[in-house]
Amino acid sequence: MELLLRISRRPVSTGLNNTQQRKFEGKGSALIGCQMIYEAYLEDSYPPMADLVNGDDEDGDGNEEDDEEEDDDAAEQTKRKLLKDLYLQHPKLLDEYILKSQEINEPLLNYSNGIAGFEHPCADYLFVYDEDDENIISEADIEESNIINNESKCPFKKDTANIDAKQETALAYERVGKTAGTKGNVARARAIMSQIGYTEEDMNYIGDDDLYNFQGVANPHLVAKIQQGEAVLVGSGLGIDSFLSMRDCGADKEDDSNGSAFVVGLDLAQSEVNHATKRASERGYHVPDKIQFIKGDIEKIDKDFPKFTMNKFDCCISNGAFCLVPNKHKAFNNVYKALKSGGRMAISTTTIVSDTLDPLFEWPVCMRMFASLESIIPMCESIGFKNVEVVDAESPMEDMEIPEDEEVVEEGNDTSQKTSSSRFKIHGQYADQFEFLQNMDMDELCKVVTVYGEKP
């Protein structure tokens, strides 16, 4: 207590004389509160625990003493399970509920009315820990939790010990790129593309040899309106939108009538860059004179490729990649730097309609990385974009009529007999982790938009 009093911001009257009082008048910057916590600290803040504590004897058999003993044992077991599950599967939520509890909040965080009379928060570190020798978390508990988490969490989870969200995203799409040569379901790709605004002409230009590798959430070309002779920067994926950009800017022409027309495809995964480059050559495009794919990060492109990409493009388009960019401001800022004066962007991305997601759900990290719809225009305008618009992509997340996936045997390759089931799919591979979202209307929670803006 003396230590806490010495470092408090406002001296507390101790009733001692002035000489003795001086030792309590120090001004410190750290408060370390060591508390022994048990489940009682969660009984007023964590709803399942509160329900358990407030439950009554419903048997009504008259054996109150026996019932009470049995109830105590059952309640103890349930408490331990609740605590373990909360700690192992929702550690951040556990922290929130502990800090909300009256046992912690009132004496430690209620500054003006607390024992030490703090005027405002003065803690650099606050430790709250549990010493409960009877409620040990065993290796078996941890192993079971890992199994559950591996089956239920999004592949882009941020809380990985040795790898961050962006690295894990890149690794996932590296796997996508490595199976991109395996034939997929063209009918499915056509159905998706037609419902988000791609025309029959667009899809016929791409052709069945590439259509099944479409990746995207909308059609940025409808907003970008790429013109003949323009230089275009594309978030490339496996190349579909880059190839359409080649057609629209005229860089796919055999002659050199559109000398300034050029397409650069940027992607985080080397395997996707490799596949897109290979397919561009096989389609007869002039690689790298008229189209070039590079491995890069839109958040770092100004540093990694300053001479190659800065102030070089008439138009920049992206189709879904911005959903998984952690720092949206930095990414939009680098798009701004990459554009020439008078250039424009058309960035199709999924957004969260509200600023917040319900904290009671453990949302996939990829969803937590979505920008809020309300934040986009102010952010882009603060960077310098003019005439910023957020265009509804009219891309439904619910009730899309999509053919079932099917087995497709690759012709002329009898030795390996590759099928569409061997293609790595981001959401297909981890479908069970999104299961709880199936009861929600995703069109109310999220909105797919295309962000338009011009560089003065």
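A crossing of two helices is called right-handed if the near helix is turned clockwise from the far one by less than a right angle. That term will be needed at the last stop of this tour, which goes through a predicted model.

**The whole chain**

Of its 456 residues, 45% are buried. The chain exposes about 24,500 Å², and carbon and sulfur atoms supply 48% of that area. Among contacts between residues at least 6 apart in sequence, 74% join residues at least 24 apart.

**The largest nonpolar core**

Next, select Met 193, Leu 211, Phe 243, Cys 249, Val 263, Ile 291 and Phe 293. Of the 33 residues in the largest nonpolar core, these touch the most other members. To place the core among the secondary structure elements, colour those that give two or more residues to it: helices 9 (186–195), 10 (200–206), 11 (221–224), 12 (240–249) and 13 (270–282), together with strands 1 (231–235), 3 (291–295) and 4 (313–319). The largest share, 5 residues, comes from helix 12. In soluble globular proteins, nonpolar side chains tend to be buried together.

**Phe 293 and its surroundings**

Centre the view on Phe 293. Leaving aside neighbours within four places in sequence, Phe 293 is in contact with Ser 236, Gly 239, Ser 242, Phe 243, Gly 265, Val 273, Ala 276, Thr 277 and Ala 280. Another core lies apart from the largest one; it has 30 residues, among them Cys 316, Ala 331, Met 345 and Val 451.

**Helix 12**

Now select helix 12. How many of its residues are buried? The count is 10 of the 10, so helix 12 is largely enclosed by the rest of the structure. The buried residues include Ile 240, Phe 243, Leu 244, Met 246 and Cys 249, and also Asp 241, Arg 247 and Asp 248. Step on to Gly 250, which follows helix 12 and has a positive phi, near 85°.

**Helices 16 and 18**

Finally, show helix 16 (residues 328–338) and helix 18 (residues 376–383). Their axes come within 10 Å and cross at roughly 45°. Helix 16 is therefore oblique to helix 18. The crossing of the two helices is right-handed, in the sense defined at the outset. To see where the helices meet, display the side chains of Lys 328, His 329, Phe 332, Asn 333 and Tyr 336 in helix 16, which meet Met 379, Cys 380, Ser 382 and Ile 383 in helix 18.

How values were computed
Residues are numbered from 1 along each chain as its sequence is written. This is a predicted model: local features need pLDDT of at least 70, side-chain atom pairs count only at pLDDT 80 or more; totals for chains, interfaces and linings use all residues. Side-chain values use heavy atoms; hydrogens and water are left out. A nonpolar core is a set of buried Ala, Val, Leu, Ile, Met, Phe, Trp, Tyr and Cys residues joined through side-chain atoms within 4.5 Å. Buried means under 20% relative accessible area, exposed over 50%, partly exposed in between (1.4 Å probe, protein chains only). Helices (H or I, at least four residues) and strands (E, at least two) are DSSP runs, numbered from the N terminus. Contact means heavy atoms within 4.5 Å. Accessible areas come from the Shrake-Rupley method with a 1.4 Å probe; for residues, only the protein chains shown count as cover. Axes are lines fitted to C-alpha atoms, for helices over the stretch in contact, and angles run from 0 to 180 degrees between N-to-C directions. Angles under 35 degrees count as roughly parallel, over 145 as roughly antiparallel, 65 to 115 as roughly perpendicular and the rest as oblique.
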